[in-house]
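Dear colleague,

Please find below the sequence and the structure for your records. My notes on them follow.

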Amino acid sequence: MKILTIILEKKYIPLANYFSSATNPTIKLSFNEIEQIMGQQLPNAAYLNRSWWKKTKAPAKHFHAWMDAGYFVSEVETNRYVVFEKIDSSKGKNAKDGNGDEDILLIRNAEHGDARSLAALMKTVEAESEFMLYGKDERTQSTQKVRKQIIEWRQSGHSTIFIAILNGEHVGFLTIIGNAAKRAAHRAEMCVGVQADARRKGIATKLLQKGEEWAVSKNISRLELTVVENDKPGRKLFEKAGYVSEGIRQDSMFINGKYYDEIYMAKFLD
């Protein structure tokens with residue numbers, strides 16, 4: 001990955017990570033999906049010229065994002081989509097006869113360019129879940145507000161947002177909110193959400209793992225969260241990931257005319 005970091009502009013590194021984790025013989029991505037993977041906009045040349053996608057020589061560098069993972073651009077529909085095909089190194093040609101399509105998951109830190117999509121994702125998850133703090137259409141997350149939050153948390157050094165991107169679409173998020181106070185700098189609070197059509201794919205587990213890796217790098221040794229007592233899938237997820245119950249917050253959530261307890265859970269990181 002160091003080589004990619006040196007060769008590529010920073011904004012293309014998430015795209016390189018996406019292709020390096022892919023095994024599909026053919027990948028078709030819309031321009032919007034590519035920008036969601038990157039967290040930033042493509043340059044104007046990518047929208048105006050098919051030749052931008054076909055470049056394979058210096059001084060251009062962006063093509064390393066897919067070519068270093070063994071893919072080449074086979075088709076471009078300007079302003080609509082791009083088709084990438086994997087080269088079969090043993091035969092020196094495209095590998096269309098390989099295995100069928102598999103899900104491609106990329107998890108990365110949110111960039112300020114993700115604000116609009118992240119706001120929409122949070123709204124969707126809150127509308128679909130019975131146990132999130134906010135219910136359907138209860139709060140307004142403007143693009144500007146989310147963008148400001150992303151920037152402020154990144155600058156703080158103790159808080160962050162991760163985005164899960166499945167096949168080019170934002171489908172999940174994980175927030176980690178740390179503390180500026182030195183006496184509490186070793187702990188942080190987490191919240192995870194995955195939209196309904198992307199569940200049961202291990203995405204929440206991978207988000208937790210990514211969050212824990214980040215926490216360790218920031219010298220955070222304790223991660224905390226709360227889960228509604230009746231949220232059996234949520235409890236199972238956290239217990240399987242090593243989070244243990246530390247107590248009950250009684251009648252802390254009022255959902256559909258009924259009070260529910262929340263469970264305090266935490267995990268100490270090695």
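**Notes on the structure**

In strand β3, the bridge partner of Tyr 71 is Lys 86. This is a predicted model, in which local features need pLDDT of at least 70 and side-chain atom pairs count only at pLDDT 80 or more, while totals for chains, interfaces and linings use all residues. Residues are numbered from 1 along each chain as its sequence is written, and side-chain values use heavy atoms, with hydrogens and water left out.

Helices (H or I, at least four residues) and strands (E, at least two) are DSSP runs, numbered from the N terminus. Two strands pair if DSSP finds at least two bridges between them. Strands β2 (residues 71-77) and β3 (residues 81-88) run antiparallel and are joined by six bridges. Three residues lie between the strands of this hairpin, where Asn 79 takes a positive phi near 70°.

An open sheet of seven strands shows mixed pairing, in the order β5-β6-β7-β8-β9-β11-β10. Its edge strands, β5 (105-109) and β10 (244-255), each pair on one side only. Within the sheet, β9 (residues 222-228) and β11 (residues 258-268) run antiparallel, joined by seven bridges; Leu 225 has Met 265 in β11 as its bridge partner.

Turning to the helices, the axes of α7 (residues 115-128) and α8 (residues 143-156) come within 8 Å and cross at roughly 105°. Axes are lines fitted to C-alpha atoms, for helices over the stretch in contact, and angles run from 0 to 180 degrees between N-to-C directions. Ala 115, Arg 116, Leu 118 and Ala 119 in α7 are in contact (heavy atoms within 4.5 Å) with Thr 143, Val 146, Arg 147 and Ile 150 in α8.

The largest nonpolar core has 45 residues, of which Phe 19, Ile 34, Trp 53, Trp 66, Phe 84 and Leu 118 touch the most other members. A nonpolar core is a set of buried Ala, Val, Leu, Ile, Met, Phe, Trp, Tyr and Cys residues joined through side-chain atoms within 4.5 Å; buried means under 20% relative accessible area, exposed over 50%, and partly exposed in between (1.4 Å probe, protein chains only). Helix α7 gives the most to this core, with six residues. Apart from this core lies another, of 28 residues, including Leu 174 and Ile 220.

Yours sincerely
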